[in-house]
There are 2 protein chains.
Amino acid sequence: MNKTETRARILEEGARLIHLNGFNNTGIQEVLNAAEVPKGSFYFYFQNKEAFGLAVIDYYRGQFLRMGLEHLKNRTKTPLVRLNDMFVDFRNNFELLDCRMGCPIGNLATEMGDINEAFRAKLEAVFQEMRDGIQAFLVAAQENGELTYELDTRDMAEFILDSWEGALLRMKAVGSVAPLQRFEKMISVLLGSYRPK
Amino acid sequence: MNKTETRARILEEGARLIHLNGFNNTGIQEVLNAAEVPKGSFYFYFQNKEAFGLAVIDYYRGQFLRMGLEHLKNRTKTPLVRLNDMFVDFRNNFELLDCRMGCPIGNLATEMGDINEAFRAKLEAVFQEMRDGIQAFLVAAQENGELTYELDTRDMAEFILDSWEGALLRMKAVGSVAPLQRFEKMISVLLGSYRPK
């Protein structure tokens, strides 16, 4: 493996282990073992464990972005249908993980938000990108006439994102995707019936 | 202090420290020090650290229940106004904690849900009680005519609870109560405009 491949491999295994066990419970040596990278080479790729954690957040961000953009750019269905399709796709992925683990960004916000300002700021930046992505569907729905009424698309996108994070948290507690299915249904209702007062 | 008072004091300090640092990062000795209880007496009150953690969940449950019942039993306002008042009260409490820490039940579900079945089951039971509480407001609103349309109150209560948990998670990331205020507004809109299809 060249340097870029080795770094990518460390990040991939780190992302998997941190998603499973959290940041503080994941040791550098454990990640290197999983990546089959020689001991001692970690600091060649990352300044310290914090820098590694921040790079893992970028890795998660890339995964969310890839899946989101795929649906955002698909022009064969209407924006609100594609928004729902995106959430269904994510649900299917979480179901493949046995409804465990939950959202890697939400988990890290819970674990690290209060104790590490660099993590908090970076996680909030990812949340804001996710919100921007959801808002893009809503704006497209306004433009093509699917949403026929006035709507603060940013506020609604924030609410949709936060509610999704809550549904993912509950998924872990209940051990099924029922909270995600409820979320999808209620957001459809909300987008279909919203009337500003 | 008698035995009951000592146990209550250990739980109170344990609840505070676990809310702040999580379950795995809270040591028994640290709790005993904070409670000013002699070393070695822990196992007189709790079989092990897990039993202690489960008792701390009961402590949190009691706090949520007390605040919820206060609003549920208040008959001077309509049910939906009281439901909103309850969320505003909780928001004010979270703001007093500088928007840090988040929901103790949600945090533990994230931290422990996948790794300890006794914790997961107990946390989900508390979520279900919280859902029942929210549902009671919705049922009362149907009975007094404030909700005039057909509504699956249980599904809606689940969605409200999960969305609140998500807003509390986001509060930690963004460092303000804005997600809670958005949640309150959107739930009012949803309850005011919901029309089943």
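Of the 197 residues that make up chain A, 54% count as buried. The model described here is a predicted one, and the values reported below were computed from its coordinates. Chain A contains 9 helices and 0 strands, and its elements, read along the sequence, follow the pattern α-α-α-α-α-α-α-α-α. Along its principal axes, the C-alpha trace of chain A spans about 60 × 35 × 30 Å.

The arrangement of the two chains was examined by superposition. Chain A is superposed on chain B by a rotation of 180° with 0.0 Å of shift along the rotation axis, the RMSD being 0.0 Å. The two copies are thus related as by a two-fold rotation axis. Of the interface residues of chain A, 100% are also interface residues in chain B, so the copies meet through the same surface.

Helix H1 of chain B (residues 3-21) and helix H2 of chain B (residues 28-35) have axes that come within 9 Å and cross at roughly 125°. That angle makes H1(B) oblique to H2(B), and the crossing of the two helices is right-handed. On the side of H1(B), the contact involves B:Arg9, B:Ile10, B:Glu13, B:Gly14, B:Arg16, B:Leu17 and B:Asn21, which meet B:Glu30, B:Val31, B:Leu32, B:Ala34 and B:Ala35 of H2(B). Sorted by class, the residues of this contact comprise 6 nonpolar, 2 polar and 4 charged.

Helix H4 of chain B (residues 49-73) takes part in two of the packing arrangements considered. With H5(B), it packs at an angle of about 145°, the axes being 9 Å apart, and H4(B) passes H5(B) in a right-handed crossing. The residues of H4(B) that make this contact are B:Phe64, B:Met67, B:Gly68, B:Glu70, B:His71, B:Leu72 and B:Lys73, and those of H5(B) are B:Arg82, B:Asp85, B:Met86, B:Asp89, B:Phe90 and B:Asn93.

The residues of the contact between H4(B) and H7(B) divide into 12 nonpolar, 4 polar and 5 charged.

Helix H7 of chain B (residues 117-143) also holds B:Arg120, a residue that is buried, with a relative accessible area of 18%. When neighbours within four places in sequence are left aside, B:Arg120 is in contact with A:Lys172, A:Ala173 and A:Val174 of chain A, and with B:Gly113 of chain B. B:Arg120 and B:Gln47 are separated by 73 residues in sequence and by 19 Å in space, C-alpha to C-alpha.

In chain A, A:Leu32 is found in helix H2 (residues 28-35) and, at 2% relative accessibility, counts as buried. Apart from its neighbours within four places in sequence, A:Leu32 is in contact with A:Ile10, A:Val37, A:Pro38, A:Lys39, A:Gly40 and A:Phe42. The C-alpha atoms of A:Leu32 and A:Phe42, which lie 10 residues apart along the chain, are separated by 7.5 Å.

Most residues other than glycine have a negative phi. A:Cys99, although not a glycine, has a positive phi of about 60°; its place is in the loop between helix H5 (79-96) and helix H6 (104-112) of chain A, and with a relative accessible area of 7% A:Cys99 is buried. In chain B, a positive phi of about 60° is likewise found at B:Asp98, which is not a glycine and which is located in the loop between helix H5 (79-96) and helix H6 (104-112) of that chain. B:Asp98 has 57% relative accessibility and counts as exposed.

Notes
Residues numbered from 1 in each chain as written. Chains lettered and ligands numbered in written order. Predicted model: local features only at pLDDT ≥ 70, side-chain atom pairs only at ≥ 80, totals over all residues. Heavy atoms only, no water. Least-squares fit on C-alpha atoms with pLDDT ≥ 70 in both. Contact = heavy atoms within 4.5 Å. Axes fitted to C-alpha atoms, helices over the stretch in contact; angles between N-to-C directions. Helix = DSSP H or I, 4+ residues; strand = E, 2+ residues; numbered from the N terminus. Parallel < 35°, antiparallel > 145°, perpendicular 65-115°, else oblique. Left-handed = near helix turned anticlockwise from the far one by under 90°. Nonpolar A, V, L, I, M, F, W, Y, C, P; charged D, E, K, R; others polar. Buried < 20%, exposed > 50% of the residue type's maximum accessible area, 1.4 Å probe, protein only.
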